[in-house]
Amino acid sequence: MNRNSTNMFYLGIVLCLVCAVAAGIMGSAAAFTKDPIAQAKRKKVADGLRDVLPAFDNDPMKDSRQVGDVRFYQAKKDGKTVGYAAETAVGSGYAGRIEALISFQPDGTIRTFIITKHGETPGLGSNAADRVRRKTLAGLIRGEKTPPGLPPNRILDQYAGHSKSAKDTWKQPWKVKKDGGDADYVTGATISSRAVNELAWKAVCAFEKYLQGDAGSERMKK
Amino acid sequence: MKLLKELLKGIWKENPVLVLSLGMCPSLATSSSALNGLGMGLATTFVLFCSNMVISLIRNLVPAKIRIPCYIVVIAAFVTVVDLLMQAYTEALYNALGIFIPLIVVNCIVLGRAEAFASKNGILASAMDGLGMGLGFTLALTVIGMIREFLAAGTLFQVQLSANWEYGFSVMGQAPGGFIVMGLVLAAMNVYNRRRAEKAGKTYEPPQGLDCRHCNICRLSETSYKKSQ
């Protein structure tokens, strides 16, 4: 090969060759990681469902239905519905999109609320979204075991037990206290708290439609 | 022995972040916690190690005129592989580092070492240089990440050190804190090097183009200027 060539065609061919080899390497890497990536994504949803729903023995991934842009999963045990989970997202976070999983009791009240993806400011907006179990140095030395279940988060946990029914104690539509509603918010992270509130309200509204759709389809069957 | 020197120089004497001041953007952005810094450092180390070896292998084949595009293609290919592997096997870290993994392609440490070292040296020396520079980058990012994480949240590698740390110094976890900590670490490094040179009876010469003449935190250039008078 000529290292000092200035022939454009020769240079073009060499560059083409280099790119072709690189493309081959990238292509085989993509083929090799395709299944693990899909698996990792499925596992993330499955782990989230296991976190927010009570023990179930069906595959909620198969028992799922879309209402608007909210995806609902139904969890059953011994053929009886034990809960529902809504996978939803809003774009009104401080750093854009926030994704969440919200589970409901069979009676329609919120059971658990987790944020699965967000870009909120660490140490500020993230306080409204993250459930963090802090490990302490003293605890590690003493060999403390982490308690089971999800770590608490005051903002997310306040939605548990609420529903869209007329009996609910919260004014509808739900708002944070700063906007004249009933939901607590993190001082200095109002935008993040509003987004979290919007997620909950969106899921509750979609859940009502989802249940109506259920009843409707059963009537159709009869 | 020479190979070991190539490996060690990147970690301390020619540390890419703390001495050469290369790759500042990812260093500031991903050193918000010790784990993020470590992850970003190791991903960059892998890319540097592989790209240095391959570029050293093809250094006599590639026409001089198109060497830079060829190096970039090689680097980009390795970054894509790292990106896919991290997405598949370390999803949490992949989400935390986000856009900065693809941006390893334009990290000037990687192209800098390709052009300045790998294109002129053999494959073993280049591999060692890439590994050393990568480890130096990892070390700097992890140390800065540890300082920032401790100040912002009172934790190290997500383990809380004191029992009741309710309110952190949260600006340290964000961009301004990155600049502040980076500046202080660079200043400390310069003070250390100056003291060591003084003890050995020499005048410390700051690395070229990095004499912080306009910064008077450590009065480095002032004192060395007086000494030489």
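User: Strands count as paired here if DSSP finds at least two bridges between them. In the hairpin of strand 2 and strand 3 of chain A, which residue takes a positive phi?

Analyst: The model is predicted. Strand 2 and strand 3 of chain A run antiparallel and are joined by seven bridges. Their hairpin has two residues between the strands. The residue there with a positive phi, near 50°, is A:Asp78.

User: Which residue stands opposite A:Arg71 in strand 3 of chain A?

Analyst: Strand 2 of chain A, residues 70-77, runs antiparallel to strand 3 of chain A. A:Arg71 faces a residue of strand 3 of chain A, and that residue is A:Glu87.

User: How many bridges pair strand 1 of chain A with strand 2 of chain A?

Analyst: A:Val67 stands opposite A:Val70. A:Arg65 has A:Phe72 as its bridge partner. The pairing of strand 1 and strand 2 of chain A is antiparallel, and its bridges number four.

User: Which residue in the turn between strand 1 and strand 2 of chain A has a positive phi?

Analyst: These two strands form a hairpin with two residues between them. In the turn, phi reaches about 65° at one residue, A:Gly68.

User: What is the order of the strands in the open sheet of chain A?

Analyst: The sheet has five strands, with antiparallel pairing. Strand 1 (64-67) and strand 5 (110-117) of chain A are the edges, each pairing on one side only. The twist averages 25° from one strand to the next. The order is 1-2-3-4-5.

User: What angle does helix 1 of chain A make with strand 5 of chain A?

Analyst: Helix 1 of chain A packs on the sheet. It touches strand 2, strand 3, strand 4 and strand 5 of chain A. Its direction and that of strand 5 of chain A make an angle of about 150°.

User: Which element gives the most to the side of chain A that touches chain B?

Analyst: The contact takes 32 residues from chain A and 32 residues from chain B. On the chain A side, helix 1 (8-52), strand 6 (135-136) and helix 2 (137-142) each give two or more residues. With 15 residues, the top contributor is helix 1 of chain A.

User: Which residue of chain B stands opposite A:Lys135?

Analyst: Strand 6 of chain A and strand 2 of chain B, residues 159-160, are joined by two bridges. These strands run parallel. Opposite A:Lys135 stands B:Val159.

User: What share of the residues of chain B count as buried?

Analyst: Chain B comes to nine helices and two strands. From the N terminus, the elements run α-α-α-α-α-α-α-β-β-α-α. Of its 229 residues, the buried share is 43%.

User: At what angle do helix 3 and helix 4 of chain B cross?

Analyst: Helix 3 covers residues 34-57 and helix 4 covers residues 67-89 of chain B. The crossing is right-handed. Their axes come within 9 Å, and the angle is roughly 145°.

User: How many nonpolar residues are in the contact of helix 3 with helix 4 of chain B?

Analyst: Helix 3 of chain B contributes residues including B:Phe46, B:Val47 and B:Ser51. Among those from helix 4 of chain B are B:Tyr71, B:Phe78 and B:Met86. There is one polar residue and no charged residue, while the nonpolar residues number 13.

Terms used. Residues numbered from 1 in each chain as written. Chains lettered and ligands numbered in written order. Predicted model: local features only at pLDDT ≥ 70, side-chain atom pairs only at ≥ 80, totals over all residues. Contact = placed C-beta atoms within 7 Å. Axes fitted to C-alpha atoms, helices over the stretch in contact; angles between N-to-C directions. Buried ≥ 20, exposed ≤ 12 C-beta atoms within 10 Å, placed from the backbone. Left-handed = near helix turned anticlockwise from the far one by under 90°. Nonpolar A, V, L, I, M, F, W, Y, C, P; charged D, E, K, R; others polar.
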